[in-house]
Amino acid sequence: MIESHFTHIFSIILLLEFQLLESSYHDYTDALSKSILFFEGQRSGYLPQDQRITWRGNSGLGDGWMVNTNLTGGYYDAGDNVKFGFPMAFTTTMLAWSVIEFGENMPASELRNALLSIKWATDYLLKTVSQPNRIFVQVGDPNIDHNCWERSEDMDTARTVYTVDAPNPASDVAGETAAALAASSIAFRSSDPGYAETLLQTSKRVFNFADSYRGAYSDNSNIREGVCPFYCNFDGYQDELLWGAAWLRRASQDDSYLNYLQNNGKTLGADENINEFGWDNKHAGLNVLISKEVLEWSMYSLQSYKASADSFMCTLIPKSSSSHVEFTPGGLIYRPGGSNLQHATTISFLLLVYANYIERFSQTINCSSITVSPTMLRETAKRQVDYILGDNPKGLSYMVGYSNYYPQRIHHRGSSLPSIKDHPEFIGCKDGSIYFNSSNPNLNVLVGAVVGGPGEDNAYEDDRVDFRKSEPTTYINAPFVGVLAYFVGTSS
């Protein structure tokens, strides 16, 4: 009887352990596929025949008519209907970097889809810089747009085009656009060399514009009210100049860009704000990117960039004495300001890229109190990825459509309103308010969307109104594509 009792208890323990293993198992291939699919839900312009998110329709077909230029295409950045050039260019750079570093881990079909997601953006970015010494930085008046809850297919709000002409500066948007085009040229080099060359040559021209007329785009009085506070430049334009030069160096191997990085590092503040990376601040990504040059070619003149990358990595390791990154009680990297998962995905991406770089050259990182190995960097990234996919106190996947338990009420106009396919009748600016205020789940599933995510206490209420937590963005997903591709390669 006692033996039977212990056998029963042992069986329960085994079952619980199995369930625990089950809960922490993730299908990274499925998550990767969905993270790329999300971008099809953000498309603006004429949708192709093979469009897979079928509740969407054509939109923004007149974009650019006010300036006699075709500005159709590109992506809506988040849950609204505005095309913001600054975060779109960063999104493109990160999608391209994801393919460059981890594309070989992707199934062939997903690599194709990833390249298509890049091309949807680069085709648009090429249009924004098609005229010499001019860049179209935004389409759509966000102040009017945000006052409506309206499908992109029904848009009747002002499609204002925000333009910067020389000698007025746009070093940040132009620098990031140059980075996006240069990085994308590497991604396309093997599959479409002609397109890759077009991207590279355009990148060089756009970088010259960024560098020749220095300053932040949001300082131009004629566009400031349209770009601020949404994607105002808060951290200066200097990092985008270094970032653009770094990508052009990698894409072209032209020594002039190497000299630029050597000669301008100090004056452009390369050693400032080194622990940030996102659509507005490129420093941590810049340092990781240039570190490859230092390791591969022993470019000791760029050693300061690698030292900054090492320092940044040390701040992310909890056991390190220099660790100062805040984590939620559930283990998620946390930074104040909303849309927190943008930090988790970008930082995870840099952890994995840097781990690969230093492993390739048999290096570790000296974090004073401990020596940090590539494996430790990868473990830190994996905790973030698995948290996003459901290993968190709520047991909730923050990627829509992944697992059986995910956000149902995301802050996204197209997802929450009836599809144009099901409800072809026009829904006006204010007519969509009943859907915005509804407590019902969204009508259309935006598969693959990663929302802004929980607060510092791991709380997430699945509330459409709380855009800081419930709104997805392209720049949360873009680095996550690379992160998931890495884990597809290690779990297969």
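Residues are classed here as buried under 20% relative accessible area, exposed over 50%, and partly exposed in between (1.4 Å probe, protein chains only). The model is predicted: local features need pLDDT of at least 70, side-chain atom pairs count only at pLDDT 80 or more, and totals for chains, interfaces and linings use all residues. Residues are numbered from 1 along each chain as its sequence is written, and side-chain values use heavy atoms, with hydrogens and water left out.

Select Lys119 and Asp123. Both belong to helix α4 (residues 108-128), 4 residues apart, about one turn of the helix; helices (H or I, at least four residues) are DSSP runs, numbered from the N terminus. Lys119 is partly exposed at 27% relative accessibility, and Asp123 is partly exposed at 31%. The two form a salt bridge, with the closest N and O atoms 3.0 Å apart. A salt bridge is a side-chain nitrogen of Lys or Arg within 4 Å of a carboxyl oxygen of Asp or Glu; the structure holds 25 of them.

Lys34 is buried at 17% relative accessible area, whereas Asp30 is partly exposed at 26%.

Then select Glu40, Arg43 and Arg52, which are linked in a network of salt bridges. Within this group, the side chains of Glu40 and Arg43 meet at 3.9 Å, N to O. Glu40 is buried at 8% relative accessibility, and Arg43 is buried at 6%.

Finish at helix α11 (residues 283-297), in which 13 of the 15 residues are buried. Ser298 follows α11 and has a positive phi, near 50°.

Conventions:
Helix = DSSP H or I, 4+ residues; strand = E, 2+ residues; numbered from the N terminus.
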